[in-house]
Amino acid sequence: MSFSLESFQLGDIITGKIIKLEPTGVLVDFYTDQLAYVPLLELSLNEIQSPEEAVQLNEIREFLVVGNYDGEHDIFFSHCSPETLKDSDRLYEVALDLASEKCGHPINREDLIVHTKIRAVHGVGVSATIQWFLYFQEHPPTVSFSIRKLEMRTAWERVRQLQAEDVTVYGKILNKTSRSAFVKIEGLRGVVLTYVDKHRKELIVGEEFPLKIIEVREEFNRLVLLHRSVSIRLKQLQIGQVVSGTIRLIKDYGVFVDIGDLYALLPASKMFHPSVDNPNQFFKVNDHLKAAIFKIDIENGQVVLESCGS
């Protein structure tokens with residue numbers, strides 16, 4: 001059972017009453033002419049096998065109004081002032097131009113539906129997505145209703161708060177690759193960067209580890225974390241600081257140095273002999289090394305070194 005975009009606004013939170021529980025979903029009364037069917041997948045952010053695990057009969061719940069659109073008509077603004085968002089005429093002007101260009105003929109304002117979704121708030125404005133639809137589309141977009149996506153929205157707000165407060169979170173390792181591990185935080189899937197992590201071999205699937213959140217990008221469904229000890233070590237470092245470490249790995253493009261809790265890279269281009277064909281000519285595994293910090297990339301958990309002595 002679908003509803004048109006004329007009946008609801010995408011992104012609105014509305015209340016509905018659970019009228020009937022079925023094996024694959026529930027029927028919900030949103031106080032309209034017809035009941036809405038909400039499938040099992042949209043009832044919870046957690047994996048559930050039956051509706052009873054998430055809702056109860058006759059319960060009043062909040063739902064997020066979502067659409068079946070595929071993003072084809074989305075316009076993303078990375079920096080948008082609040083004044084621009086309030087100026088509906090300006091938004092319609094942009095959407096009308098794009099709609100007319102895509103359709104190959106002029107589109108009138110009365111033929112257009114426009115919705116605005118705030119993606120993130122910055123110090124100078126916001127990131128926003130403008131979604132436009134045509135009333136007369138052959139397969140016009142419809143809306144549906146989701147508890148899962150509402151819980152997901154709350155989860156993203158929560159992890160942003162945890163990051164801002166620099167809270168240590170504990171995530172169970174779901175699986176691993178050679179460069180990363182995957183966890184769930186507040187019900188969201190996150191990636192733990194491990195390729196610079198001295199403790200990566202200790203990250204065992206099924207076990208929980210203390211982590212720090214270093215990047216939250218809801219618009220790209222991206223949640224990035226580091227082992228707490230690696231994050232703490234990164235914050236102790238400064239550009240230009242001289243550090244001592246032990247060479248653990250040598251590649252054609254540089255050497256990886258253990259500087260305590262993480263591996264820093266001394267690229268061949270930052271060595272005193274940048275023209276060497278192979279760093280093996282000058283370095284050996286387990287050699288001790290002093291180098292200066294050239295770059296610190298917190299979001300990727302990387303430290304780049306440069307030679308400071310022979």
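This is a predicted model: local features need pLDDT of at least 70, side-chain atom pairs count only at pLDDT 80 or more; totals for chains, interfaces and linings use all residues.
Which residues is Glu42 in contact with, leaving aside its neighbours within four places in sequence? I started there and found Phe145, Ser146, Ile147, Arg148 and Lys149, where contact means heavy atoms within 4.5 Å.

Residues are numbered from 1 along each chain as its sequence is written, and side-chain values use heavy atoms, with hydrogens and water left out.

I placed Glu42 in the loop between S4 and S5; helices (H or I, at least four residues) and strands (E, at least two) are DSSP runs, numbered from the N terminus. Glu42 counts as buried, at 13% relative accessibility. Buried means under 20% relative accessible area, exposed over 50%, and partly exposed in between (1.4 Å probe, protein chains only).

Arg148, one of the residues that Glu42 touches, is also among the buried residues of H3, along with Leu150, Ala155, Trp156, Val159 and Leu162. I checked the span of H3 (residues 148–164): its 17 residues reach 24 Å from first C-alpha to last, close to the 24 Å expected at 1.5 Å a residue. That expected span is 1.5 Å times one less than the number of residues. Just after H3, I noted a positive phi of about 55° at Asp166.

**Aromatic rings**

I then looked for ring pairs: Phe, Tyr and Trp (its six-membered ring) with centres within 6.5 Å, called stacked under 30 degrees between planes, edge-to-face over 60 and tilted for the rest. The count came to 3 aromatic pairs. Phe30 and Phe63 are edge-to-face, 5.1 Å centre to centre with 85° between the planes. Phe30 is in the loop between S3 and S4 and Phe63 is in strand S5, so their pair ties together parts 33 residues apart in sequence. Both are buried. Ring pairs also link Phe30, Phe63 and Phe145 into a cluster.

**Nonpolar cores**

Last, I looked at cores, meaning sets of buried Ala, Val, Leu, Ile, Met, Phe, Trp, Tyr and Cys residues joined through side-chain atoms within 4.5 Å. The largest has 28 residues, and Val255, Ile259, Phe283, Val303 and Leu305 touch the most other members. Elements giving two or more residues to this core include helix H4 (228–236) and strand S17 (254–258). A second, separate core of 19 residues includes Leu45, Leu162, Ile185 and Leu211.
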